[in-house]
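User: I would like to understand how the descriptions of this model follow from their definitions. Please set each value against its cut-off.

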Amino acid sequence: MSTGILVLVEHLKGTMADITFEMLGVGRKVAAAQGGQVHAVLLGKNVAALATRLGAADSVLLADEPSLEQSSAEVIVPLLQQLMAQKQASLVLLGGTNASFGLGVQLSARMKVPFVNFCKGARVEGGSLVLTSQLFSGKILSDVKLADGKGIVSIYPGAFPAEAGRSDKTPPVEKVAVPPGSPKVVFKRYIEPDTSDVDITKQSVLVAVGRGIQNADNISLAEDLAKTLGGAVCASRPVIDQGWLPLSRQVGKSGMSVAPKLYLALGISGAPEHCEGMKGAQLIVAINTDPKAPIFDVAHYGANADCLEIIELLKEAVEKKKTK
Amino acid sequence: MNLIVLLKMVPDTVEELNVASDGKSLDSEYLRFKLNDPDEHALEEALLLKERAGGKVTVVALDAPEVDDALFMALAKGADRAVKIPADQASLGTVATARMFATFLASGGGQITPDTLVLPGSQAIDDLEGEVAAYLGEALSLPYVGVVSSVSPVNGKVVVLKEFSGGMRGEFEVTLPAVLGIQSAEKPPRYVPVAKVRAVMKSAKIETADIAPPESAKALAVERMYKPEVAGRAQILEGTPEDIAVRIASLLAERGII
Ligand SMILES: Cc1cc2nc3c(=O)[nH]c(=O)nc-3n(C[C@H](O)[C@H](O)[C@H](O)COP(=O)(O)OP(=O)(O)OC[C@H]3O[C@@H](n4cnc5c(N)ncnc54)[C@H](O)[C@@H]3O)c2cc1C
Ligand SMILES: Nc1ncnc2c1ncn2[C@@H]1O[C@H](COP(=O)(O)O)[C@@H](O)[C@H]1O
């Protein structure tokens, strides 16, 4: 019954993002159950070469133009709308990323099909597509059914295996034209993160502080501990937003992705947007006063304790170990 | 500038969340509400823009628990007008909510002038169907950018920074009027003493704008709502804080980290 499935390819500055393969994997799974073809939509400036990596798709729909370097919703949405009609696509998969933010909503409004956000599970059940979304910072799940398989779905990064969407095949490429228009949102330039202070992606030990650290003065305690451990301090978003640490120290969806040997999470709840940036750490130890904090699902070791108390005691304990 | 900020109350996730007996919604009995984090930043960004470029800040909200507190807090911080639309936020889906705001803005209530910036938060945590900001852009045929962390007026337009991943940001020039989903303000949201909020509660008024909910905009039907199975991956270290610290130090030593 279902026909086309469109996957909007994500890449940033010439690098393919893993979410692309995760989405292609989901597309393949749905196509296997319901039939239909998977089309990868590749938009950007100088991106044609990336098409060879999209072999998991049945075809690549390519628009490679300078004006598409970082295009806004007003350019991408009409294009996706046109492609949905052309390919009789009933399902569109988008990345749940900052880059694709808002696209799904606008496309759904135009095509009059539902939009489902934060999707981290998908299965075909009796002919319907059942999607599981994660709400309230990961504390609640909700299932919705797309009875006729029609919808726009935003796929949560890291929720599906990327391997399922990789292939060595060379897909056929079809060029598509961008509908004309004079955009009111114009991309000017990228601004790189300033890591002249400390590059947290290169540290093997990170002491990460969240809202549980409570105030700016306590940051220096975490810094002392980090020094003792031979690492640096990083943080969740609220700490950065409060101005307690610079933007270059933020870990997560909008911040850095890190994979240190040790990630010591102090007073961090473990919201999905945070975990996205740190779940690859080799050893995750979390201290949180809330025994039900989601961070304990990604941590290897945890303790229900006041992080301010632990900081001091741990510093002493580490110093003692070192002098032994 | 005509700055319009949308404020939404969301359940405080510091409290335990439970599913109601219908298995399709949150149990509202013990829910505590707070202002959605990004909205606090949207308000701050609006106040900063008013200080820099002049103008008026209007805050608008649908009815929700404790929403009056949030509206008075905004007035105390420097908003010029607070408007409440007396329709229950909880009973409306995202699409209906966006349509109501669109109606409000298209009517005399909000009014979109050539120097209007509509500033919702970039996203709320309770949202199955996505972002009001993008729907509003669509419904009002206005340009939209989301995940914005800085807005500067330049020659009748605004230059905004949008966050990507890896700490990378993109600079965009946006023609006004426009809708910007604010993720964080350039400065931490200002603090306002409780005494000042109390004073404003006595002296200022919240306006009401009667907007009928749209009939056709149905929310997605939730089949089932449930708590995630706790993966329980972490091995929990028990004991006094001293014991815990010593255990962690040993773990690090065993792994050659220290
Ligand atoms: C588009 C978008 C992008 C985002 N990008 C990012 C990002 O890049 N990085 C990021 O981190 N977030 C990001 N977020 C925000 C994210 O959703 C969460 O709001 C944020 O991660 C929460 O930070 P937190 O855990 O420090 O605070 P909270 O969720 O408030 O948690 C604080 C925790 O501290 C615990 N605690 C309190 N006191 C103590 C104490 N004394 N000792 C020990 N524990 C204590 C509490 O139990 C609680 O679990 C983004 C959100 C959006 C919508
Ligand atoms: N019921 C509401 N009342 C006021 N503002 C809202 C409401 N719903 C959404 N918004 C605004 O839209 C933003 C995004 O919310 P959401 O679309 O629910 O993710 C919020 O941060 C608010 O600024």
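Analyst: Helices here are DSSP runs of H or I with at least four residues, strands are runs of E with at least two, and both are numbered from the N terminus. By that numbering, α5 (237-241) and α6 (272-275) of chain A each supply at least two residues of the shell around ligand 1. This is a predicted model, in which local features need pLDDT of at least 70 and side-chain atom pairs count only at pLDDT 80 or more, while totals for chains, interfaces and linings use all residues. Residues are numbered from 1 along each chain as its sequence is written, chains are lettered from A and ligands numbered from 1 in the order in which they are written, and side-chain values use heavy atoms, with hydrogens and water left out.

User: What makes a residue part of the surroundings of ligand 1, and which are the closest?

Analyst: A residue is near a molecule if one of its heavy atoms lies within 4 Å of it. There are 29 residues around ligand 1, the closest being A:S236, A:V251, A:S269, A:E273 and A:N288, and the ligand lies between chains A and B.

User: Why are β4 and β5 of chain A called paired?

Analyst: Two strands pair if DSSP finds at least two bridges between them. Strand β4 (residues 38-44) and strand β5 (residues 59-64) of chain A have six bridges in the parallel sense, and therefore they qualify. Within this pairing, A:L42 stands opposite A:L62 in β5(A).

User: Why is the pair of A:F118 and A:Y156 called stacked?

Analyst: Rings of Phe, Tyr and Trp (its six-membered ring) pair if their centres lie within 6.5 Å; planes under 30 degrees apart count as stacked, over 60 as edge-to-face and the rest as tilted. Four aromatic pairs are counted over all chains. The ring centres of A:F118 and A:Y156 are 6.3 Å apart and their planes stand at 25°, so this pair is stacked. A:F118 lies in strand β7 (residues 115-125) of chain A and A:Y156 in the loop between β10 (151-155) and β11, 38 residues apart.
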